[in-house]
Amino acid sequence: MIDRRDPPPIGRVVATEQKPATPHQFHFWTANETSIGIGAIVRVEGAGNREQGAGRVVYGVVTDGFAYSDLATPLHDVVGAEGDPAKAADSPTVRQEIRLWTAAVLRQKPEEPLQPVPLREVHVASDVDVAQALRMDAYLGGAQPTAIPVGLYTSGGLEAPVYLDADFLLGPEAAHLNISGVSGLATKTSAVEFLLGSIFQHFPIHKGRIAAVCFNVKGPDLCFLDQPGALEDEDRRRYERLAVRAQPFERVRYYAPFKADGVNLNTLRTHPELVGDVEPLVWGLREVLDYAEVLLNRDDIDAKADAFIDFLSDRVVDKEFDDGFGGTHRVVTFADLERLFRSIFDGLELAARGDTWRTHHIATIRKVRNRLSNISTRCKGLVTDDGPSNDLPWGRFEDRAVYVVDVANVDPLGQDLVFARAVSKLREHLERRDLGVDAVVVFVDELNKYAPGDGPETYVKKMLLDISERGRYLGLVLFGAEQFRSQVHRRVVGNAGTTVFGRMDSDELATPGYQVLSPATKIKLATLPIGELMVRHPHFTQPIFVRFPRPAVLRGRDGVERFPPAADLPFDDAVVRQLVKLDRRVRPNLVKDLIADRREEDVRRALAHTRQARSQDALAHFTKQLGGRVAAAPALPRESVPPLTPISDEPY
Ligand SMILES: Nc1ncnc2c1ncn2[C@@H]1O[C@H](COP(=O)(O)OP(=O)(O)OP(=O)(O)O)[C@@H](O)[C@H]1O
Ligand SMILES: [Mg+2]
């Protein structure tokens, strides 16, 4: 570490009547050859006799720079060179060139009384100075440090680690992080991956257990977080300097719905070597009914439909139920529910009993039926009739584990349902403090799409607003990324305690949200190299530029090259694969013989039950679930229960 008093000053504060030094800003000059640049942190040591401890120290960050000479107007230079630029260099006297910088004050010590910056020597900041300037000393040391490395401040020939305060990044003081910047150059997804790794390694013990739920919304982006990626020596050096181990995530659990066939997983992590640890995400009628809000979006706030869904959920599903026309039902699946609906419609028609059934109007019943059928058709593979559901391990979340939920290829309605259910469940368990961890980071990429400033009020948006506004008290923290911050809902970005910017688009920088930045800072942002970020954090008075190493995980793009996704397997092979996953001893041919001639839905149901049972002997369980060789005849002939097909909503 460099002793802050050793190096000679690199500049001196100047103040004129026109450009005075104030408590928040000052100007200083340097030699023409200087290591100072925009974003550099400097230290000004004030007047005062150090023996008496009277010295005022001011830390600032450079926000602008100017160069000029003693020329009164450009005309003098032109005339002096007789209008020939080549001759200008021959002029007998070299004009003095001035390098003047503007810096914004980061911190003054002592803080009171707050005074203008003294007109004294300027030094480049050392590690210690950076820690002081950014008020990191408060959380770097002490009995319970809460510092999370975010990157390296690199300027003025010096390099110093920059830390975020876990209390302000992950709650309870402030929470949430938002990162924006242009596609590909801003390294948004990479930065979040690196920071999550850093959080997992540095989240202080006294704050408890932490996990992350990452929604994979774009191709293979987050499908290989457990695989090591390629790093360069410079990356390794940065890891070392930041005291973060360069390693992929140790505990990653993948969840993906099935494709419409109900046996092949809807994800790009289907390479035979990796698909084994992708858990299916499968929900049934019960799980869907619990999130009626998703079915009835805001456009049709409808108390009647809501009440009918509640009625189904509380009184009908999983219970013995008399339809009032002489039929008894036990509704467990969508198909059972459809049977009940048909009995109701037929019963009402035959009995000519008017338009109401158990106080619910037939139009309401039709509407709810349509919405439910809509979801089961559009989200086939996620929402299923085939046996028990398979969900994230609510209540059994592991410390420092990442749960990746792959919804990249799911219909928007299905994504709504996944977000709604996952976030509500997280909330519920965090409120009851029985999730298994004390804090959860929810990472949602592409916020432009999921929480746009305008556009319809989707359930995803509502959930994201809810986390942003109330999550921090619960330990529910949102990390969001988007290309254009100005297009994301204001309350989502506004509630992010920590804001990070990668390379920005200049049109975006011209929008009102960036007025506080100096023109030079904007230019720096518009030309920011890959791997460099600008960070705003509650402890930092001004935005700070940092560099971070490549994440130590395999990039999605490289992942699909190294582990090319497998083609969809035929039904029987896919079933075999699922069973082998549950029990390695399972012999493929035996399974194929067993399921030949069986109805696919029966096979899927048996598979789902086997998965749920986690039995020692998966094949025996599966065989038992499958029942006798000849499938029992269904309660109703299949033709009599048409598949649920969405019908456009009848008007009231
Ligand atoms: N610290 C780093 N240093 C150098 N290169 C990096 C660093 N971090 C990421 N990269 C590279 O930058 C590229 C873009 O990164 P990333 O995919 O994270 O960008 P993005 O902002 O999420 O893009 P998009 O908007 O398209 O999702 C990747 O190829 C990645 O390897
Ligand atoms: Mg990205």
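## Strands around β21

Strand β20 (residues 498-501) and β21 run antiparallel and are joined by 3 bridges, in a predicted model where local features need pLDDT of at least 70 and side-chain atom pairs count only at pLDDT 80 or more, while totals for chains, interfaces and linings use all residues. Residues are numbered from 1 along each chain as its sequence is written, and side-chain values use heavy atoms, with hydrogens and water left out. Strands are DSSP runs of E with at least two residues, helices runs of H or I with at least four, both numbered from the N terminus, and two strands pair if DSSP finds at least two bridges between them.

Strand β21 (residues 532-536) also runs antiparallel to strand β22 (residues 544-547), to which 4 bridges join β21. Methionine 534 is the bridge partner of phenylalanine 501 and stands opposite phenylalanine 545 in β22. Of the 5 residues of β21, 4 are buried (under 20% relative accessible area, with exposed over 50% and partly exposed in between, for a 1.4 Å probe and protein chains only).

## Cysteines

The whole structure contains 0 disulfides, a disulfide being a pair of cysteine sulfur atoms within 2.5 Å. The sulfur of cysteine 223 lies 11 Å from that of cysteine 214, its closest cysteine sulfur, which is too far for a bond; cysteine 223 is buried, at a relative accessible area of 1%. For cysteine 379 the closest cysteine sulfur, in cysteine 223, is 19 Å away, again too far for a bond, and cysteine 379 is buried with a relative accessible area of 3%.

Conventions:
Chains lettered and ligands numbered in written order.
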